[in-house]
Structures are given as C-alpha cells and as structure tokens.
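Welcome! Here is a short briefing to read with the model open beside you. Take it one topic at a time and find each residue as you go.

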2 protein chains.
Amino acid sequence: MRDDLEPRPPTGKPFDAVGFGLNAVDHLITVPHYPPFNTKVQLREYVVRPGGQVATAMVALARLGCRTRYIGKVGDDEFGRLQLRSLAEAGVEHSQVKVVPGATSQLAFILIDEPSGERTIIWGRDPRLIMRPEELDREAITSGRVLHLDGHDVAAAIQAARWAREAGIPVVIDVDNFYPGVEELLPLVDYLITSAEFPKRFLGIAEPEEALRALKRRYQNPFVAITLGDQGAIAYCHGVFIHSPAFRVPCRDTTGAGDAFRGGFIYGLLNGLSVTETLRFANAVAGLNCRGVGARGGLPTLAEVQELLRTQ
Amino acid sequence: MRDDLEPRPPTGKPFDAVGFGLNAVDHLITVPHYPPFNTKVQLREYVVRPGGQVATAMVALARLGCRTRYIGKVGDDEFGRLQLRSLAEAGVEHSQVKVVPGATSQLAFILIDEPSGERTIIWGRDPRLIMRPEELDREAITSGRVLHLDGHDVAAAIQAARWAREAGIPVVIDVDNFYPGVEELLPLVDYLITSAEFPKRFLGIAEPEEALRALKRRYQNPFVAITLGDQGAIAYCHGVFIHSPAFRVPCRDTTGAGDAFRGGFIYGLLNGLSVTETLRFANAVAGLNCRGVGARGGLPTLAEVQELLRTQ
C-alpha cells in the first residue's frame, strides 16, 4: 500500500492555503436538553461567535502556523464586522472579502445539547451574499499551495476549481449538502471530504465504505473521505479503506469540529504527512476544537496537537 | 346558571388595566419543518420582535382602546430599547419600567414550524431582571381597574396581588410554569388562566375538566380556565364547565396567542361581558393575532374583533 497523499501542493506561493466559501456568525444556544416540538425550554447559555466552514478551516490552519487567505462575502452589519475582526486577529489574509452593502451576514442558530455537546443547526443566508464567477480574481484564487472550497455558490466554485487545476494546485472540498451544479463541481476536486449525511441523503447509502466506493465511482476523485463525528473519519484511497478513530477529548461543543478537521487535513497535505498521519492529525485538531464553545472556540496550536498525538 | 364574571373591576382608576410581569424580545425563526435533533435546516425567515406575556397582553388591551400600564424591567441594550419603543407606540404607559444597567433584556428564540404555525420556544432571562417586592410602588400597582400578573418574580407578584386584593381590584394571572412560591401566589388570584401544560406537568392531570376541578379545589379561585391552543379555551365557574372553541383564522404564527387571549379576557371583564361572551371575545383576539408574525404581529382593533364575532 502507498501511504502518501497525491496530488501534492506546489511550492513558491504567497499562501499555504486559500479558502473560498462560507463564513457565518453563529448564535450558540446551549440547552439542558433538545426541546421536543411545541414545548418551551430555558436556555443555559447564549453567545455569539464567528464561524462558517471554509473561513473556520482557514483560521484553524493559521492557528497551526500556516499562511492562509480567505475569500468570501459578508454583510455590512455588526456580524460582518465581527467576522472580519476574527479573521484579522487570527492572522488570516482577507483583503478579498467583499462587504455587501445592505446585505445581512450569513447566520446560524446552533442549539447545543448540554449532555452530549451535539448540535442542531438552523441557518440562513441572504441571497446577496452569493459570489458570482465573474467576481472572483484568478490570481487570488491561485495564490495558495492548496485551494479549499465548499459546495455553496457552485458556479463560482467550479470556476475556482478549474483555475486551481490549471495551476497544478490541489483542490479540497468540504461538502455537506447537494446544490444544483455540484455534480459538475465534484469531479474537479482532488480531495473530497463529505459529512456522513451527504451520501446518506443524496446517494441513499448509509454504510460508509459502500458510500465511499459510490462517491469514488461517481466523481473519480483521487481521495474520498467521510467524517463520522465522534467516530472519527474514514477514507478511501489507493484502493484501501482507512478508518481513523476520533480522539477522546472532553467535549463542550462540537460546532466547527468538521471545519477544524479540514484545517488539520490540509496541514497534513501541506507538510507531506502520509494518509494515516494526516487523518490522525485532522482528528486531533477536530477533537481539541470541541474543548470550547463556538466553531473556533478550542482551535489548537501545533504544540497542542503534537502533545495529543504523543499521548493518545 | 349565573353567566357573569365576579369579582367586578372597580371604577374611578387612572388605568383600565395594570400589568406586572414579563416582557421579552423574540427572535422569530420560521423553519420549513421542526428540525430533528442533530440535523441542519435552512430557515425561511428571521425577524426580531417585541413580546413577553404580560407586556403583550397590555399592548393587546391598548389596541382594543383600553388605558393600560406595564410594570417590569428591561436591560440597557438594543432589545430593551426596542421593547420600550413598542410600548410607547402602542400607547401603553411605561414610566414604571426600570432599565437595569449592565443587564441583558429577556430573550426568546421561537422556532415557528411553517406548515402548522406551532412554536418551540427557547428562552433565557438575566437574573438581574428579577423584580423584588421592595422595588414595587403600591400606588402604581393599584392604579388600574384590573391587575394582570404572571408566575415569574413570585415574591413581588405576591406583594402586588395582596395590594390589589386590599384595594378591591381583581387579579388575573397567566401561569405556565411552576416556580417556588407559586403555591402562595395562586390563592390570591381571582381569575386563574393556565396553559394546558401547567396542570399536566404539575398536577399530573391532562384531561381539562379534571384539571380545572383540581385547580379550583387547590387554589379556591372564583374562576379557573385553561387555554387549549387551536381548541380554544375551557373555563370552570359557578359550578359549570364552558368550552369556547377557537375561531378559524388563517394562522401565520401562534406566538403571543395566549397573551392576546388574556388581553381579550380582561377586556370582557372591564366591559361587563358575560363569561361566555368574554371567552368568545378572548378567543377572537387570540385568533386574529395569529395573522401576523410575532407576539404582537396581528393584534386586532375592537372593530376587527366585532367583525369576526359577527361572522363566525
């Protein structure tokens, strides 16, 4: 078995990773139990924190010491300013983030079940936040060693993936929902990482190994993986399945665990780690992020990840 | 059968009704379906509106043409100012509302199921918003012909109910949860109106007639009633049960229906309507309020209520 990841990121780029996709502001509402329909429950805690899957993955990488850039849109409201402040504080380059006059920043209400830390998410997005292909800057999109996408704003994502491919830059995608056009996008991706929901809902396949085979057959990606929450992740590459279990870390809130996983995965890719090392590293970043409330609440430093990898 | 409500409100007061109890700011989140635990759903609409059970009942009465006063606390934040603005616009006297420095206004996340209009509520309250008995002004509490309470801030509510009783002012209560001390408060009330949940959860009785008998036996109120959502309301007084069905009105959002019902009920009390007329009037106000989004989204004028009563 070959245990390295391919394609490999080129060198000589101003950024290690460029992310184009969602950012959001999360309203994190901790409840003593998830309320049954048509009942009342008193909340335990309510905080507002920056999140969004691609923006958070870039923050995770920055925290690990990588040079990252985020490209996307925010509304010209209090929450958009909160997002920009968070990116700035994390050291994520964000000069390509567009502030859309009159638009509301993307938001999510995240109901956190206190006993388990599991989340139920209600999200909304102002259509004015959609990025169109003609708004993208080719030089910015190809300014990193890796390009990270999600399945939103599909037309622009297809454009970005094509440019990256032409420039020899590997494309990673975090896809959790089926949008029109995503069938055209996914074959352009090198590293396809989905939630467990995605193949279940859109291919009707719940069993992970079977789902990975179906994804690979359908989109021909060199590498496919599924994140499994507290079960870690399972990948299919070079014809074998690799199941990397999650780390046992005290869990306060699983928000952003998937985003942190992608950050850790890209770190492995950038640093020439093997498939197994990369999955283990990604699980460690994801697990440690669950220590704190919010998508970015517990993002670890490289030293913290190395400590966890050494001890578990 | 006697069909009038007793005790009757005195005359010669500056206000028709005084309400002391909750106000809140509601985050109304309309979803295409109530999300199962640990899933994601895209919201349809998100708006922020003033609410809270006693404050909304006072606004309902003001809209019907009554002179009302609201007494309570708000935080010194954007949402507290929104509440004060709403009371001012409705013409509710609110000079006794205290703005608490550093406190967060009470808030509720209300998940509205689009197909049914039914709501699941997640609420939170800053402990600094609790009103203590020594903070109440006796003259203000007894400045109306009727006093309306809820079960929160029990010690202060007991004080207020005692003052009202001494002044010959009937006390109405809207109680939906069991707080320590509520057993001492409820016997001081003339018109006890609970949600269907209250007797189910705290007396273990789901059947409404049986629950009304148990409430009456326990608290000795001259009048007890239970609101039943889209089934209307059922009352027990003068030894008979009166079931007043809900009106068939297009329902956009049931938020505040119970508060509006209390407003309509107090209107009947103030205007010498019979028990049956009062319940029907209250149901009409509640039904019409479901036309719009938010606790106060569809509160009717007197003419609108009369029109509905004439045609259904």
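In this predicted model, A:Arg125 sits in a loop of chain A, between strand S9 (119–124) and helix H3 (138–141).

**The surroundings of A:Arg125**
- If you set aside the neighbours within four places in sequence, the residues in contact with A:Arg125 are A:Leu22, A:Gln106, A:Ile130, A:His152 and A:Asp153.

**Helix H8 of chain B**
- This helix covers residues 257–270, which makes 14 residues.
- From its first C-alpha to its last, H8(B) reaches 20 Å, close to the 20 Å expected at 1.5 Å a residue.
- Because 13 of the 14 residues of H8(B) are buried, the helix is largely enclosed by the rest of the structure.
- After H8(B) comes B:Gly272, with a positive phi near 65°.

**How chains A and B are related**
- Chain A can be superposed on chain B by a rotation of 179° with 0.0 Å of shift along the axis, giving an RMSD of 0.0 Å.
- This is the relation of a two-fold axis.
- Both copies use the same surface, since 100% of the contact residues of chain A recur in chain B.

Definitions and conventions: Residues numbered from 1 in each chain as written. Chains lettered and ligands numbered in written order. Predicted model: local features only at pLDDT ≥ 70, side-chain atom pairs only at ≥ 80, totals over all residues. Heavy atoms only, no water. Least-squares fit on C-alpha atoms with pLDDT ≥ 70 in both. Contact = heavy atoms within 4.5 Å. Helix = DSSP H or I, 4+ residues; strand = E, 2+ residues; numbered from the N terminus. Expected span 1.5 Å × (residues − 1). Buried < 20%, exposed > 50% of the residue type's maximum accessible area, 1.4 Å probe, protein only.
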